[in-house]
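Let us walk through this model together, with the working definitions given along the way. Please have the viewer open as you read.

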Amino acid sequence: MSKITTELLLERAVPRSTRLRKIETLNLSKLQLKTGDLDPRLFSRLRHLQKLDLSDNLLDKFPNSLTLPDLRVLNCNNNKLEDVTALKQFPLLEELTYENNVYLTLNDDYKVMFLLQNLRLLNGKDITKLANHVRRVNSRKLTSKVTAHWEKFFRDQLPEKYTAEQVKSIKKKFLKSVQTNVVYGPSSLSEFTRWRVKMIAEEFLAYSLGVELNSDTEPEEKMDENEEESTESPREAAEDVAQVGDFSSYISNVTVTPSKRKRNHSKSSPGNKRSKSQASTEEEAEDVSAEPLHFLQCHSKGNSREDFKTQLWSCVFEPVLDSGARKDPIVSSSRTVATCGGESVCLIDCETGTVLKKYKVATEEFFSVAWTTLTMVISDSRKKAHNILAAAGRRGIVKLIHVAADFCYGEIKAHKKPIATVCFSPTQETHLFTASYDKRIALWDIGIPDCDYNFKASQLLVLETASIPLRIALVPTCPEQYLLAGCEDGCFAWNIKLDKGQKSRPFEAIFQFPDDESMTTSHRVDGLAFLNDDVIVSKSSKPGCIYLWSWSRSFDAKGKGCQRTMSAVILAELEWSTTDMSYLTLSTCPAKEYVFCGDEKGSVWMYNLSSYTTAWGSPKGKRSERRISPTQILKWPELRVNGEQPPEILVNNVVADPAFTYLVVLTSVNITAIWKKS
């Protein structure tokens, strides 16, 4: 039953009334109202209502037919509004406030200024001059650009005598092209600009060709003036995946053959790859512990179904907010994951395979993503936690995205060369590390944006590296003091304590590892992660081997001086593929004591190390003499796309959520595979 009744409306009228049609001022604030509580049939009787207060409720949108023909003042502060376009049903509105609706942005301000021709005050500010500019100058400029785009690129495509099918086809192409290529004003208003361009283009076609307005069109994308960056809504992203990326309709003969490896006693040279027949003789069947849920192609360049070249590099599960809309009571951790590769960053629901958000920068190639949770202050001094996503790549720029608000609110020009990886401090929510091809690792304070998304970023520290840093990890027991990095030419450690005066610092230690009969510091370390507070997992260019070693026993914190060489105290070796291919990185699931690493054949090697960690943690823990075989290998299913198998599949990255419910596999062929533990 709706919370709003005739009796409630009469009681909340100011002053109280005996007839609905006599009410001119109505206060419905602080009633926990949701959109479904606003019954159009009941509100249609408020024919003379002029002032309506709906503040401090739970509204996410307005019904399209409230029929309040005389409404002049509307207060929607402190709700959960996601869209403002339904407000056009109140054409006489003069004063509007919707502060502290975190999903609304500057683009929405411009939309209401255009839609509500009588609006004078918006969120307490006189917007008369700006609104006139938006309605007249902005519209005139965009109309001119839209018309010119048609004349230059599309008019000659339409024959003198055209059919309805030809008109439909050219309309579809024109709307997509004009939204992509017509730009005007600052990049922060790119969403508003594309919204207006689409509207103007449809009106132009209706006038010129007699094309019916509001017919089905391509999903709208939002794009930046200079960079062609866009943020797609959940509906748009889902349509994109259904059209381009969800392989479920193309897969035939999917087989899942996880296996448990026996110890291989034969000695094979590092460069020799085993044949399929060899591999099959070394494996024995095991009960399936994970099953494939989804195979997505959501990072395609230009949304092309034929794109099997875009490399996918990084994925991180979203932190769970106590009051977050994405928290699922069925699982103990988030089921949403951010992935990046090519020109886009996607947010995916692992259970449903739905792409919830998609963010694009056409001139970028994203290499890394990282989450942080910022406690932001909204205008009435209330504090609320919001998840922020940082994304970086080839251009050396960090993009900061407030995902829930569907808004990229800023960027940091961190390096002049590509950024290989980024990570946030677990103890300082605004501290972001960026590792770049310029052989530097920078520490940034990204600040906390205010309610208008103003923020100030500052560089706190620069760590000089001897070669390109590929992976970075903060030491769990002292994340504000030491950072490890796996680089092109070794594994290094830095003191990052900020109370030291030196802003630019050389490395404090370089670690040496076994190499045949000796120790070496010179090797590519392309995988690095902590399994627990002390055990480090690293992968080097030495084929067939992943090392586990102790931080506390390897690093001499009492030693003095920089650039010291220290021997890594090896606890164990994990048996892995004999490939010499680099940049197939590893990850860990500390809560479940698992290590994951993909290989050059699309398989995922999983190691359950819970039976070893207790012994390693003892003061005199001994090294495991034998290489530890994988607990299980998840084989890549026999996928067929349009009747053909995808090309050679490399697993660039594989990550589990903290509870090890889902396993996300990123490949070299633009396919994201999601497995679920059964």
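In helix α3, the buried residues are N107, D108, D109, Y110, K111, V112, M113, F114 and L115; buried here means under 20% relative accessible area, exposed means over 50%, and partly exposed lies in between (1.4 Å probe, protein chains only). Helices are DSSP runs of H or I with at least four residues, strands are runs of E with at least two, and both are numbered from the N terminus. Because nine of the 10 residues of α3 (residues 106-115) are buried, this helix is largely enclosed by the rest of the structure. Its buried residues pack against β4, β5 (121-122), α4 (128-153), α6 (190-209) and β18 (407-413), where a contact means heavy atoms within 4.5 Å.

Before going on, please note that this is a predicted model: local features need pLDDT of at least 70, side-chain atom pairs count only at pLDDT 80 or more, and totals for chains, interfaces and linings use all residues. Residues are numbered from 1 along each chain as its sequence is written, and side-chain values use heavy atoms, with hydrogens and water left out.

Now zoom out to the protein chain. Its secondary structure comes to 10 helices and 40 strands, and buried residues make up 54% of its 678 residues. Among contacts between residues at least 6 apart in sequence, 57% join residues at least 24 apart. The chain exposes about 30600 Å², 48% of it supplied by carbon and sulfur atoms; accessible areas come from the Shrake-Rupley method with a 1.4 Å probe, and for residues only the protein chains shown count as cover.

A390 sits in strand β16 (residues 383-393) and is buried, with a relative accessible area of 0%. Leaving aside neighbours within four places in sequence, the contacts of A390 include S368, V398, L400, F424 and L432. The C-alpha atoms of A390 and I412 are separated by 9.9 Å, with the two residues 22 apart along the chain.

A442 belongs to strand β21 (residues 440-445) and is buried too, at a relative accessible area of 1%. With neighbours within four places in sequence set aside, A442 touches H415, L432, F433, T434, Q459 and L461. Between the C-alpha atoms of A442 and E464, 22 residues apart along the chain, the separation is 8.8 Å.

Finally, look at K80, found in the loop between β3 (73-75) and β4 (95-97). K80 counts as partly exposed because its relative accessibility is 42%.
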